[in-house]
Amino acid sequence: MTIYDFKEKDIDGNEVDFSIYRDKVLLIVNTATKCGFTPQYEGLQKLYDTYKDKGFEVLGFPCNSFAGQAPGEEAEIKSFCSLKYNVTFTQFSKIKVNGKDAEPLYNFLKQGEFAGRIMWNFTKFLIDRAGNVVGRFDSKTKPEDIEKEIVKIL
């Protein structure tokens, strides 16, 4: 199985076949709207704006698993992100990232070298153009601190 075999629902409820991301560099992030790290949306959007024309995508997955910091329905989350942070990168429906109900995509991301529980919101996984997970960054790592890694694989 590869990352391109997954299908996920976007924030509007439409199925997204991950094969559309083939040959792109991805940054996959579990997000939250009421977290101390929520301002990272700004940095994620800036990275997306800077590199989207070079084949870079940010994929945001709201996750309410950590202290209930992604409350509300998808429409509320989408509106908040759009109005407060001008988010235009792809956002998906809410997911769980740990435990028996974890989204299969996240179980896939947390394998091998990058195994282990997600500890908080805004954990980031960097995927190269071949679909390999090449980096995992914790919540404290700001999006701008990952930029050099992204540029290397673009």
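The face of H4 turned away from its buried side carries Asp145, Lys148 and Lys152, which are exposed. The model is predicted. On the buried side, helix H4 spans residues 143-153 and buries Pro143, Ile146 and Ile150. Seen down the axis of H4, these buried residues fall within an arc of 60°, so they line one face of the helix.

What do the buried residues of H4 pack against? Their partners include two strands, S3 (25-31) and S4 (56-62). Strands S6 (124-127) and S7 (133-137) are also among them. Helix H1 (40-51) is a further partner.

Lys142 sits in the loop between S7 and H4. Is Lys142 buried, partly exposed or exposed? Its relative accessible area is 45%. The cut-offs are under 20% for buried and over 50% for exposed, with partly exposed in between. Lys142 is therefore partly exposed.

Lys142 and Leu44 are 98 residues apart in sequence. In space, their C-alpha atoms are 8.7 Å apart.

## The sheet

The sheet is open and built from 5 strands. Their order is S5-S4-S3-S6-S7, and the pairing is mixed. Strand S5 (90-91) and S7 stand at the edges. Each has a single partner strand, so one side of each is left without a neighbour in the sheet. In general, strands of a sheet pair through backbone hydrogen bonds, either parallel or antiparallel.

Gly60 stands opposite Gln91 in S5.

## H1 across the strands

Which strands does H1 lie across? They are S3, S4, S5 and S6. H1 runs at about 155° to S4. H1 is also one of the elements that the buried residues of H4 pack against.

## Aromatic pairs

How many aromatic pairs does the structure hold? There are 12. One of them joins Phe18 and Tyr21, 5.2 Å centre to centre. The planes of Phe18 and Tyr21 stand at 85°, and the pair is edge-to-face. Phe18 and Tyr21 are both buried.

Ring pairs also link residues into a cluster. Its members are Phe18, Tyr21, Phe61, Phe92, Tyr106 and Phe125.

Terms used: Residues numbered from 1 in each chain as written. Predicted model: local features only at pLDDT ≥ 70, side-chain atom pairs only at ≥ 80, totals over all residues. Heavy atoms only, no water. Buried < 20%, exposed > 50% of the residue type's maximum accessible area, 1.4 Å probe, protein only. Helix = DSSP H or I, 4+ residues; strand = E, 2+ residues; numbered from the N terminus. Arc of directions from axis to C-beta. Contact = heavy atoms within 4.5 Å. Phe/Tyr/Trp six-rings, centres within 6.5 Å; stacked < 30°, edge-to-face > 60°. Pairing = 2+ DSSP bridges. Axes fitted to C-alpha atoms, helices over the stretch in contact; angles between N-to-C directions.
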